[in-house]
Amino acid sequence: MPLPRVSIQTEDFDLSAEIAALRLENKGVGAVCSFVGTVRDRNEGDTVSSMELEHYPGMTEKSIEAMVDEAFGRFNILGARVVHRVGLLQPLDQIVLVAVTSAHRGQSFQACEFLMDYLKTQAPFWKKEETAQGARWVDARVSDDAALARWGIVASNA
């Protein structure tokens, strides 16, 4: 049984297991590209002691599924998997996995970068950082919108 394309979860993920399962879905896979995002201990010059991610169950998965559909429409890929964690996370914890398979590396690299750029600005998550100055909500940056614009998608989140 194939993995779901999108998983939103509190528990950590195993990169090796996720990639192995994705590769098994198609014997034509010649390339796998993955990105793992982690919690940094600093943001905007301040020390970050933790990050909490919130989402609307059902809406978040549907939104990310649409992003994966868009990646399949734009690139010649064989498979895609997005795992995004929610809840309370500490520095160095894994937050997100984007993995893409294709016959050749170019399409995997492009689709992986596209999905991460799309997720960074358009996925319905709310991030709150805990700093020495107190808790603060984190907005998308102008640079994130610019990264998405490279793909012909205009957003104004920052």
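Modeller: We begin with a definition: a residue is buried at under 20% relative accessible area, exposed at over 50%, and partly exposed in between, with a 1.4 Å probe and protein chains only. Helices (H or I, at least four residues) and strands (E, at least two) are DSSP runs, numbered from the N terminus. This is a predicted model, in which local features need pLDDT of at least 70, side-chain atom pairs count only at pLDDT 80 or more, and totals for chains, interfaces and linings use all residues. Residues are numbered from 1 along each chain as its sequence is written, and side-chain values use heavy atoms, with hydrogens and water left out.

Colleague: Which residues of helix H1 are buried?

Modeller: In general, an α-helix has 3.6 residues a turn, so residues three or four places apart point the same way. In H1, which spans residues 15-23, the buried residues are Glu18, Ile19 and Leu22. Viewed down the helix axis, the buried residues of H1 fall within an arc of 95° (taken from the directions from the axis to the C-beta atoms), so they line one face of the helix.

Colleague: Against which strands do the buried residues of H1 pack?

Modeller: They pack against strands S2 (31-38), S5 (79-85) and S7 (94-102), where contact means heavy atoms within 4.5 Å.

Colleague: How should I read a salt bridge?

Modeller: Side chains of opposite charge can pair when their charged atoms come close. The criterion is a side-chain nitrogen of Lys or Arg within 4 Å of a carboxyl oxygen of Asp or Glu. The structure holds 7 salt bridges. One of them joins Arg81 to Glu18, with the closest N and O atoms 2.6 Å apart. Because Arg81 lies in strand S5 and Glu18 in helix H1, this pair ties together parts 63 residues apart in sequence. Both Arg81 and Glu18 are buried.

Colleague: How many disulfides does a search of the whole structure find?

Modeller: A disulfide is a covalent bond between the sulfur atoms of two cysteines; here the criterion is a pair of cysteine sulfur atoms within 2.5 Å. The search finds 0 disulfides. For Cys33, the nearest cysteine sulfur is that of Cys112, 4.0 Å away. Cys33 is buried at 11% relative accessibility, and Cys112 is buried at 4%.
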